[in-house]
Amino acid sequence: MRAHRGDFAGVEELANALIALAAESGFAQWTAEAMYWRGSCLVRKGMMEEGISEFQRALAAARDVGAVSASPSTAWPVVILVETYSRLGRFEEALAALKESEARAAPLFGVTELRRARAQLQLEAGGCSPREAEEQFREAMGTSRDQGAKSLELRATTSLARLLAKQGKRDEARAILADIYNWFTEGFDTADLKDAKAVLDELNA
């Protein structure tokens, strides 16, 4: 997927094309989904407020048509929105976006990834203890593993490894992250694998 490889210019181009096609065909749900992706592109380009506004319009559009707000293809941009709010210190808005998406999340990808994002957000905002966040990260890892969703398992494990490293548990952090990272044989240009590799490098330093 272009977004996972950092090709947000390409993603934005496709999102704009989908919005135009959906509007022409009257497919409101697809318009909302494309707006999620366009919002994520704006955020990645540094246009934070514009991206947030686009996300809010996408959430409203999905709500109006009763669409799933965190399908397998939209949970990822919703997480980008939450991370953006978090970076800006707007934790209440981040939590509100998560709650709405979780309430109408699709099974598997949507639920697992949004719960991981919630644990990360609460940890950063002081809404839960490191111990509670660790439990949630481990739960996300286990659920993803049971589902065979390796990309989600990687994201949850990376979050857990960072937390363990901060607690001085570097050996455990290195072991669990290396285990899932070494499972992959391709896709090393994707954002998630690059992030995991950066954490491993820090742990090995």
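Before you start, note that the model is predicted: local features need pLDDT of at least 70, side-chain atom pairs count only at pLDDT 80 or more, and totals for chains, interfaces and linings use all residues. Residues are numbered from 1 along each chain as its sequence is written, and side-chain values use heavy atoms, with hydrogens and water left out.

**Stop 1: the largest pocket**

Select Glu 83, Arg 116, Arg 155, Arg 162 and Asp 195. Of the 20 residues lining the largest pocket, these are the closest to its centre. Its volume is about 520 Å³, meaning the space filled by probe spheres set on grid points joined across faces, edges and corners. On a 1 Å grid over the protein atoms alone, a pocket is an open set of points where a 1.4 Å probe fits, with protein on both sides within 12 Å along at least five of seven lines; lining residues have an atom within 4 Å of a point.

Now colour α4 (75-87), α6 (109-125), α8 (150-166) and α10 (191-204), each of which supplies at least two lining residues. Helices here are DSSP runs (H or I, at least four residues), numbered from the N terminus. Which helix gives the most to the lining? That is α4, with 6 residues. The lining divides into 7 nonpolar, 4 polar and 9 charged residues, where Asp, Glu, Lys and Arg count as charged.

**Stop 2: across the pocket helices**

Stay with Arg 162 and show Asp 195: they form a salt bridge, their closest N and O atoms 2.4 Å apart. This pair links helix α8 to helix α10, 33 residues apart. A salt bridge is a side-chain nitrogen of Lys or Arg within 4 Å of a carboxyl oxygen of Asp or Glu, and the count comes to 15. Next, select Glu 113, Arg 116, Arg 155 and Asp 192, which salt bridges with shared partners join into one network.

**Stop 3: within α8**

Show Lys 150 and Glu 153, whose side chains meet in a salt bridge (3.4 Å, N to O). Both lie in helix α8, about one turn apart. Buried or partly exposed (buried is under 20% relative accessible area, exposed over 50%, partly exposed in between; 1.4 Å probe, protein chains only)? Glu 153 is buried at 4%, while Lys 150 is partly exposed at 23%.

**Stop 4: a loop and α3**

Finish at Arg 90 and Glu 49, another salt bridge (3.0 Å, N to O). Arg 90 lies in the loop between α4 and α5 (91-103) and Glu 49 in helix α3 (residues 48-65), so the pair ties together parts 41 residues apart in sequence.
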